[in-house]
Amino acid sequence: MSRSATATIHLDALRANLARVRTLAEGAKVMAVVKADAYGHGLERCARALADADAFGVASIADGLRLRAAGNRQRVVVLSGPDAAGDLAEMRRLQLEAVIHHDSQLAMLEAERGGDPLKVWLNLDTGMHRLGFAPERAPELHARLAALPAVDKAIVLMTHFASSDEFDNELTARQTQRFFDAASDLPGERALSNSAALLGWPAARGNWVRVGGLLYGLSVVEEKTGADFGFEPAMTLTTRLVAINRIARGGRVGYGATWECPEDMRVGVAAIGYGDGYPRSARSGTPVRVGDAPATVIGRVSMDLLTLDLRNAPNASVGDVVTLWGPQLPAELIAGHANTISYELTCGVTRRVLFAEDGE
Ligand SMILES: *Cc1c(COP(=O)(O)O)cnc(C)c1O
């Protein structure tokens, strides 16, 4: 028996979401962030659907290699840059661009003896304190990079926001101010915004936006779904019902016997579990759909199976399609029941799930 768990990727949604990003970006260039296998949607298929993007953002040279192997010729930016000396040669060979965020990387570049000009994005840490140089150093660093024969003169200045999903959090305004102050005397394009900043912080627009989540129709803004901002979820995760059992009042369901039936009732069993990427942290009460009817998770999520309360799905029968998330059931809603964010859900879909595409 083959398993039924299927992630269907909606290529038309990806395209529509990119078009909407462009509208919101008001002329800024769009870097489509496709790290982590395009947030679990599949790197190659998403790069194909998002071919109109001005650049792609990846987390590793290996992902850049996959894009080139798939025939992608667009700009590709490695968001954490080189971390070993051999990386620079590989990035040149693949024509990847490098985010430079640390002195160790600058030392690697300064130790080189020439080569084709590498395109560089200079990352300034304006307050997130993860990657990036102190903003005061921007003029010195820019001058050192610009002096290198093997670095392209068109250096892009970038920063990354810690809290842009909180539309009233002044940290983003302070980060924006610090960035523009530090960059004020320097030439080149500016790149500040991620998805949430594109939605909530127009003053941070700059010349480039770096957008991941919204392209997949996902939001990290609290209490909001991608659809609330006019984006369409690009993944539907489904499986099938493999059993329906009548359990008597007082019967307990699943590992740990954590859920007790309050009455005689039908309990459904769906062929999906944490081995497929459905979060084990999803609590009893997490919504699913069985056919067109609402149902909820009861008991613990196990590796291969999920138990469901079918009291509101009286017509459910074995073989019915069970939807875990998708356009009718926002991943943000599921994430809220599982103490996580929608990005982690789609990133977490595992290799044993069948991937399908719809749209051209
Ligand atoms: C992941 C990432 C993004 C995209 O963030 P979203 O919230 O998905 O839009 C942008 N910039 C950098 C540096 C990133 O690492």
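Val33, Lys35, Tyr39, Leu79, His160, Asn194, Ser195, Arg210, Val211, Gly212, Gly213 and Tyr343 surround the ligand, where a residue counts as near if one of its heavy atoms lies within 4 Å. This is a predicted model, in which local features need pLDDT of at least 70 and side-chain atom pairs count only at pLDDT 80 or more, while totals for chains, interfaces and linings use all residues. Residues are numbered from 1 along each chain as its sequence is written, and side-chain values use heavy atoms, with hydrogens and water left out.

By class, the shell holds five nonpolar, five polar and two charged residues, with Tyr counted as nonpolar, Gly as polar, and Asp, Glu, Lys and Arg as charged. Helix α2 (35-39) and strand β9 (208-211) each contribute at least two residues of this shell; both kinds of element are DSSP runs (helices H or I, at least four residues; strands E, at least two).

The polar contacts listed below are pairs of N or O atoms within 3.5 Å.

| Side chain | Ligand atom | Distance |
|---|---|---|
| Lys35 | oxygen | 2.6 Å |
| Arg210 | nitrogen | 2.9 Å |
| Tyr343 | oxygen | 2.8 Å |

Taken alone, the ligand exposes 380 Å², of which the protein buries 90%, by the Shrake-Rupley method with a 1.4 Å probe.

Elsewhere, the side chains of Glu189 and Lys29 form a salt bridge at 2.8 Å, N to O, the criterion being a side-chain nitrogen of Lys or Arg within 4 Å of a carboxyl oxygen of Asp or Glu. This pair links distant parts of the chain, 160 residues apart, with Glu189 in the loop between α8 (170-183) and β8 (190-193) and Lys29 in strand β2 (residues 29-33).

Technical notes:
Polar contact = N/O pair within 3.5 Å; in protein donor to acceptor, adjacent residues only side chain to side chain.
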